[in-house]
Amino acid sequence: LGVHKMATARDRIPIDIKYNKMKDWLQNRSRVLQKSHPKEYARLLESATLLTKNVKYELPALKKAQQRNTSGLSDVEKKRREYRRQIAEHTQQFQHECDELHIKGEDVRNEVTSAPELQLPIIFEQVATTCKQKVAPAVKYYTKFANHHAIVQRDTRTKEVVPMLTYLCTQGNTRVYEYRKEKGFSVPDSLDDETNQNEGEADSGPALEIDWGDFDDAGAAAPEINLDLTIEDLPEDDGVEISMVDTNAVTQDLDTEVLPIPVLKQTLLDYDDTRNVALDDMYELEAFLIEKDILLGPDSPTSSDLVAPHISTVEGGEPPHKDIKNWLSAVQQAIAALTDRSTKHFLLLRVSDRYLDRLVSGLTRHQQSISSFKMKTADLDGKEEEYKKGSLELQPKIQQVVKETKEIQASAEKTLSGMYEGREVNIVGDINTI
């Protein structure tokens with residue numbers, strides 16, 4: 001009775017067979033199973049082989065190929081985002097540099113070449129207009145202020161402050177020879193006649209050739225100018241260091257110096273020396289107005305020792321604080337127009353073909369980069385289509401192999417259970433996770 005109970009209990013325990021060991025399990029029992037169930041035994045051996053093949057080789061290979069498609073699609077999307085970012089970045093930089101040069105960017109070299117002659121007269125005219133309309137009252141007040149304090153200090157000489165800026169405010173951006181005539185210095189008689197004949201010409205005179213002087217010493221090294229500049233070489237800070245020189249003395253030198261006719265035909269802001277003197281005058285006036293703005297503001301010093309020398313009344317009275325602020329803004333506007341990056345580009349382009357080549361090369365590189373990344377983006381579209389197509393083709397294959405494997409498993413478990421008089425049989429292992 002005890003042996004019978006043990007046999008009954010054992011019959012209730014399921015038989016677990018690992019899928020990749022099923023063939024060995026069958027062969028170890030071949031004498032009994034092959035003799036009692038020859039047809040079923042043969043089918044089970046074949047099922048064991050198919051299960052091992054599908055679970056261990058076929059499905060992993062299909063899933064690995066599918067993973068490559070999924071990974072490929074992910075890489076395509078990452079590259080597409082990166083290419084789009086590069087396109088946007090180069091487009092933004094290209095547009096920014098075109099805006100600095102006031103060009104459209106359609107015909108880069110021709111547009112950059114013609115930009116100085118087109119834009120500098122406009123810039124200089126705007127500066128001259130600003131000086132006449134908005135800066136002139138500040139110059140007048142500064143002159144009164146300086147002469148008032150000269151009288152207070154018992155200096156009876158009349159001070160001529162910011163002379164070049166004063167001339168710009170009263171006469172405008174005239175030609176250099178007109179400025180010299182106004183100052184009482186002689187100029188070639190031919191200039192008047194030639195100017196009348198060329199009334200319709202642009203203010204900018206012909207380009208100057210730099211006179212390097214005579215180098216009698218054959219062994220002396222010729223001076224070398226480094227014009228290897230790019231857009232990036234220009235400083236981010238557009239401020240210009242204030243030249244601590246006597247502008248009156250510099251202006252006197254400009255008045256008395258013998259200048260070639262091409263220089264005399266240039267406008268004051270077009271000619272480097274007179275433009276620099278005008279800038280020095282603007283910086284001087286700016287410094288004065290900044291000080292007045294601080295002293296008249298709510299945070300001004302309260303000490304009478306500090307305030308009295310600066311706000312003593314001049315003839316006609318002190319201007320309102322609002323006027324000081326408006327004048328300061330106008331002066332800073334004129335300075336910015338003469339020193340911003342666009343103006344620096346135009347001034348360098350006029351004298352350096354190498355600088356022109358550098359700017360054109362930089363803009364062209366942006367265009368080439370944009371074109372290259374657009375082509376790469378187009379290539380990604382083809383790869384994406386290829387990965388999607390491969391994924392769609394593999395999916396039904398994987399599903400079919402999984403379905404066949406599950407059917408073979410169920411059939412084998414049922415056949416083995418019948419061989420063992422209804423005892424539960426389970427084929428276990430990775431086959432249950434596919």
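## Fold report

Of the contacts in the protein with a separation of 6 or more, 79% join residues 24 or more positions apart; contact means heavy atoms within 4.5 Å. This is a predicted model, where local features need pLDDT of at least 70, side-chain atom pairs count only at pLDDT 80 or more, and totals for chains, interfaces and linings use all residues. Residues are numbered from 1 along each chain as its sequence is written, and side-chain values use heavy atoms, with hydrogens and water left out.

The protein has 15 helices and 2 strands. These are DSSP runs, numbered from the N terminus (helices: H or I, at least four residues; strands: E, at least two).

| Property of the protein | Value |
|---|---|
| Buried share of the 434 residues | 38% |

Buried means under 20% relative accessible area (1.4 Å probe, protein chains only).

Helix α4 (residues 38–101) and helix α15 (residues 353–419) pair up: their axes come within 5 Å and cross at roughly 165 degrees. Axes are lines fitted to C-alpha atoms over the stretch in contact, and angles run from 0 to 180 degrees between N-to-C directions. The two helices are therefore roughly antiparallel (over 145 degrees). The contact of α4 with α15 has 29 nonpolar, 19 polar and 14 charged residues. Asp, Glu, Lys and Arg count as charged; Ala, Val, Leu, Ile, Met, Phe, Trp, Tyr, Cys and Pro as nonpolar; the others as polar.

Helix α6 covers residues 163–171. Its buried residues include Pro163, Met164, Leu165, Tyr167, Leu168 and Cys169. Just after α6, Gly172 takes a positive phi of about 90 degrees.

Notes
Parallel < 35°, antiparallel > 145°, perpendicular 65-115°, else oblique. Buried < 20%, exposed > 50% of the residue type's maximum accessible area, 1.4 Å probe, protein only.
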